[in-house]
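Subject: Structure for your review

Dear colleague,

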Amino acid sequence: MSKITKKLIRYFITIIIPLMLIIVVGSGILMSKLFEKVEIDKLKKTSEYIYSTISVESNSSTNIMLEDSNVKAIMIRDSKVLPITRGNMNIHRNIDLSNLKEKGSLSSKTGEDYLYYKLSTSIGDIITFKSKIDYTNFLISIIKIQSIIFTLGAIIVIPLISLIGKKFTIPIIKIQEKALEIAENKFEGGLNIETDDEIEDLSKSIIYMASELKQKDSLQREFIANVSHDFKTPLSVIRGYSEAIKDGILSQEEVHQYSNEVIEEVDKLNKMVIDIINLSKLQDKAVNSNKSYKSLSGIIDTTVERMSFVAEKKHIDLEVKFQIEDKLILCDEQQISRVMYNFIENAVKFSEEFSRILIEVINNEDGIKVAVIDNGIGINESDMKDIWNRYYKHKKSGGMGLGLAICKEILEQHNFKYGVTSKPGEGSEFFFLIPSS
Ligand code: ADP
């Protein structure tokens with residue numbers, strides 16, 4: 001039996017069974033009160049009937065025949081007890097009749113319980129009695145019937161609970177098996193669960209998680225392959241040039257040129273390593289943000305100036321359009337420069353020679369919008385959601401696919417909204433928003 005089924009049975013026993021007992025006892029008490037009221041009403045009517053009979057006949061007959069032979073009646077007149085009905089009238093000898101209220105229960109000295117009704121009239125007090133035995137027996141039978149029904153119910157319900165338990169556990173076990181498969185990097189295959197409830201939602205989340213993990217796993221593998229490749233090329237260039245320099249067969253001018261190449265390749269490697277370290281630090285939130293109020297135009301101008309050399313190589317014009325008055329913004333200057341640098345570097349990388357890149361700063365309903373707009377190759381709709389993921393890159397990128405992932409981390413840590421709009425073949429606009437407050 002599954003743990004869930006056992007739990008359901010435990011809940012049933014601890015909640016339903018006490019509830020059933022409360023219902024049986026409660027309904028017993030309620031019914032006894034109701035029964036008592038009905039019986040006393042009947043006794044009242046009987047007393048009134050007796051009174052009308054006696055007053056019409058103007059006597060105190062002791063031979064009145066009553067419909068219910070179990071009902072006995074007496075009259076107390078001038079402290080004398082006169083029997084009204086026939087039969088065993090020893091009751092009054094065993095009962096203290098002096099202090100009776102209008103109605104209620106009483107017990108005889110011999111231990112018998114009665115319900116009674118006392119009708120005070122001009123000719124004396126007419127008291128009608130009925131033994132409680134009938135109604136006690138009736139109540140006992142009702143409680144017995146209820147107990148049998150509940151016991152039978154419980155016996156039927158337990159296998160039913162086990163069936164319901166199975167209905168819950170089968171899909172849960174499927175999900176558990178799938179989770180174990182995912183843990184072993186087996187992402188393929190779905191989960192055929194159609195329960196139309198939270199369990200189905202959970203199975204969909206697990207499948208979504210598997211597809212995300214699969215993508216991350218393949219990106220990671222791709223990254224390792226890319227890193228090895230990206231490191232291999234500069235390393236073999238460095239080795240080749242270094243060997244040539246070591247052999248001493250180069251002219252002074254060639255030594256100078258080769259040494260520059262070696263330095264450039266080393267810088268490339270250095271940048272890659274720094275990017276990897278930076279991203280991992282940002283993702284671990286291990287970078288201490290160094291925020292202070294800085295001039296926005298100052299940050300933008302410095303970055304554009306640094307990038308102009310790269311843009312010039314492709315004869316690309318970098319144009320800055322500052323549509324607002326300069327503002328001091330609370331940010332980590334180095335990190336926001338890094339975002340601007342990445343946006344502009346990508347814009348240059350993915351634009352044709354002799355094109356134009358616009359860096360625009362405008363007021364927007366959400367704050368200040370800083371955008372880098374190019375007329376380059378653009379981005380396919382299907383790639384839009386992936387470009388901010390680490391290691392995702394275009395085949396012509398030449399980078400490692402870490403730039404936008406770093407931007408995303410920085411902008412999220414600043415609580416700046418960000419995004420991209422793009423049309424393949426027409427260009428892209430990468431932007432972030434500095435909130436007004
Ligand atoms: P990298 O530049 O190293 O490839 P990024 O994370 O900076 O890595 O960019 C990821 C990918 O996003 C790029 O490879 C490219 O496909 C796409 N991308 C980014 N900026 C642009 C742009 N301005 N135009 C077209 N594609 C872009």
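Please note that the model is predicted.

Most residues other than glycine have a negative phi. Asp 196 has a positive phi, near 55°, and is not a glycine. With a relative accessible area of 71%, Asp 196 is exposed. Asn 415, also not a glycine, takes a positive phi of about 60°. This residue comes just after helix H8, in the loop between H8 and S11. Asn 415 counts as exposed at 63% relative accessibility.

Helix H8 covers residues 403–413; eight of its eleven residues are buried, so the helix is largely enclosed by the rest of the structure. The buried positions are Gly 403, Leu 404, Ala 405, Ile 406, Cys 407, Glu 409, Ile 410 and Leu 411. Among the elements that cover these buried residues are two helices, H5 (252–283) and H7 (333–349). Strands S11 (417–423) and S12 (427–435) also belong to this cover.

Salt bridges

The structure contains 16 salt bridges, of which I describe several here.

Glu 429 pairs with Lys 369, and their closest N and O atoms are 2.8 Å apart. Because Glu 429 lies in strand S12 and Lys 369 in strand S10 (residues 367–373), this pair ties together parts that are 60 residues apart in sequence. Residues under 20% relative accessible area are taken as buried. Glu 429, at 18% relative accessibility, therefore counts as buried. Lys 369 counts as buried as well, at 17%.

In helix H5, Lys 268 and Glu 265 are three residues apart, so about one helical turn separates them. Their side chains form a salt bridge with an N to O distance of 3.8 Å. Lys 268 counts as partly exposed at 47% relative accessibility, whereas Glu 265 counts as buried at 10%.

A further salt bridge joins the side chains of Glu 184 and Lys 186, at 3.3 Å from N to O. Here Glu 184 counts as exposed, with 53% relative accessibility, and Lys 186 counts as partly exposed, with 47%.

Negative surface patch

Four acidic residues, Asp 301, Glu 305, Glu 325 and Asp 326, gather on the surface in a patch of negative charge. Glu 325 is located in the loop between strand S7 (317–322) and strand S8 (328–331). The relative accessible area of Glu 325 is 70%, so this residue is exposed.

With kind regards

Note on methods
Residues are numbered from 1 along each chain as its sequence is written. This is a predicted model: local features need pLDDT of at least 70, side-chain atom pairs count only at pLDDT 80 or more; totals for chains, interfaces and linings use all residues. Side-chain values use heavy atoms; hydrogens and water are left out. Patches are made of residues with over 30% relative accessible area and no salt bridge: like charges are joined within 9 Å, nonpolar side chains (Val, Leu, Ile, Met, Phe, Trp, Tyr) within 5 Å. Accessible areas come from the Shrake-Rupley method with a 1.4 Å probe; for residues, only the protein chains shown count as cover. Lys and Arg count as positive and Asp and Glu as negative; His and the chain ends are not counted. The place of a charge is taken as NZ of Lys, CZ of Arg, CG of Asp or CD of Glu. Helices (H or I, at least four residues) and strands (E, at least two) are DSSP runs, numbered from the N terminus. Buried means under 20% relative accessible area, exposed over 50%, partly exposed in between (1.4 Å probe, protein chains only). Contact means heavy atoms within 4.5 Å.
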